[in-house]
Amino acid sequence: MRIPTDVLALLSNRTRTDGHRLMLVGPRLAPALYQRVNEVLEAVGGRWTKTEGAHLFPVHAAEALAPVLATGEVVTLGEKRTLAQYFPTPEPVVDQLIALVTFEPGMTVLEPSAGSGAMATAAAARGAIVDCIERDPGYATVLSDTHAARRVQVADFLTVPAEPRFDRVLMNPPFTRGTDMAHVTHALRFLKPDGLLVSVMSWTVAEQTGSTTAFRKLVEQRGGLVEALPARAFAQSGTTIDTVLVTILATRPADARPTVWPARDIPAQDSEELGNPADIAAEIVADLRKAVAAFEEVAAALTKPAPTTAPGTVEAT
Ligand SMILES: C[S@@+](CC[C@H](N)C(=O)[O-])C[C@H]1O[C@@H](n2cnc3c(N)ncnc32)[C@H](O)[C@@H]1O
């Protein structure tokens with residue numbers, strides 16, 4: 001964000017630094033102005049610390065502030081969150097995810113796209129040895145400081161070569177433009193043959209569309225389980241996107257049942273209420289797309305040769 005000139009002037013002329021501390025000097029600021037100044041200080045690592053009467057920085061405060069003053073620009077925490085897709089998993093969702101997993105002491109767990117390690121921390125508390133991958137060095141540092149993980153690698157997970165050496169993969173990847181499907185597909189390659197992956201994913205995967213077909217097929221082939229998370233499960237993390245929990249085994253179990261995709265609860269509509277024509281048109285288009293996809297599946301099945309049964313054999317029912 002381009003820093004407004006009044007905030008920039010204040011940061012230049014009315015701050016004093018002393019090592020890791022930064023003090024605002026002069027008359028007390030109006031609350032709204034203080035908030036805008038604080039937003040910039042927090043974005044570069046400052047935290048108001050009452051006992052110090054100052055903003056404390058992990059590095060020298062003057063060093064942290066220098067690029068801001070030189071460029072007049074800063075990436076605010078809000079912007080960073082949206083750019084990085086940092087939406088930490090709230091505790092009730094972590095609990096729900098962890099309940100799907102059995103742990104044995106010494107099991108190896110991977111949390112890719114780990115953020116500050118919501119799942120890593122829960123797994124470590126259950127005796128697992130956890131490795132994490134996180135693209136943002138800032139979040140990776142926060143995670144390292146918790147000492148929950150054996151190793152925190154700063155990297156773009158999608159470029160990390162797969163090694164099938166983990167018993168469990170627990171994850172909540174970024175969702176933008178279907179990246180969650182790419183992340184989960186890649187993460188499956190890190191599982192041992194008897195391993196299990198559980199991921200928070202966007203509700204989008206529960207819907208049959210052109211962009212979800214391949215992923216849904218993969219889940220179905222492995223006998224995956226999908227359950228809807230409560231509405232607004234991530235509200236406290238700053239997003240109201242609908243989500244599901246997807247459980248996939250590295251190897252399809254012999255007793256796998258067909259995957260049941262959750263259906264969205266459609267809120268009851270007041271029959272007197274007329275909908276917006278654009279929304280109605282969009283809904284019709286979406287329904288038509290679903291119908292075409294269903295017809296295409298039937299057509300593909302019909303063009304497959306019929307299975308041949310050797311004489312004398314009886315097909316299992
Ligand atoms: C939705 S947050 C989840 C954080 C954490 N797993 C949790 O459950 O609280 C997604 C995290 O993925 C990180 N991320 C985004 N793209 C990534 C990538 N390509 N490789 C590794 N991490 C990535 C973001 O920085 C962010 O911390």
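Which residues in α1 meet which residues in α2? In this predicted model, the residues on the α1 side are Asp6, Val7, Leu10 and Leu11, and those they meet in α2 are Leu33, Arg36, Val37, Val40 and Leu41. Sorted by class, the residues of this contact comprise 7 that are nonpolar and 2 that are charged, with no polar residue among them.

The geometry of this pair of helices can be described next. Helix α1 spans residues 5-13 and helix α2 spans residues 31-43, and their axes come within 10 Å of each other, crossing at roughly 70°. Because angles from 65 to 115 degrees count as roughly perpendicular, α1 is described as roughly perpendicular to α2. The crossing in which α1 passes α2 is right-handed.

Helix α1 also has a contact with helix α3, which is formed by residues 61-71; the axes of α1 and α3 come within 10 Å and cross at roughly 135°. This angle makes α1 oblique to α3, and the crossing of α1 past α3 is left-handed. On the α1 side the contact is made by Leu8, Leu11 and Ser12, while α3 contributes Leu65, Val68 and Leu69. When the residues of the contact of α1 with α3 are divided by class, 5 are nonpolar, 1 is polar and none is charged.

For glutamate 111, a polar atom of the side chain lies 2.7 Å from a nitrogen atom of the ligand. For phenylalanine 157, in turn, a polar atom of the backbone is found 2.8 Å from a nitrogen atom of the ligand.

Note on methods
Residues are numbered from 1 along each chain as its sequence is written. This is a predicted model: local features need pLDDT of at least 70, side-chain atom pairs count only at pLDDT 80 or more; totals for chains, interfaces and linings use all residues. Side-chain values use heavy atoms; hydrogens and water are left out. Axes are lines fitted to C-alpha atoms, for helices over the stretch in contact, and angles run from 0 to 180 degrees between N-to-C directions. Helices (H or I, at least four residues) and strands (E, at least two) are DSSP runs, numbered from the N terminus. Angles under 35 degrees count as roughly parallel, over 145 as roughly antiparallel, 65 to 115 as roughly perpendicular and the rest as oblique. A crossing is left-handed if the near helix is turned anticlockwise from the far one by less than a right angle, and right-handed if clockwise. Contact means heavy atoms within 4.5 Å. Ala, Val, Leu, Ile, Met, Phe, Trp, Tyr, Cys and Pro count as nonpolar, Asp, Glu, Lys and Arg as charged, and the others, Gly among them, as polar. A polar contact is a pair of N or O atoms within 3.5 Å; within protein, one must be able to donate a hydrogen and the other to accept it, and residues adjacent in sequence count only if both atoms are side-chain atoms.
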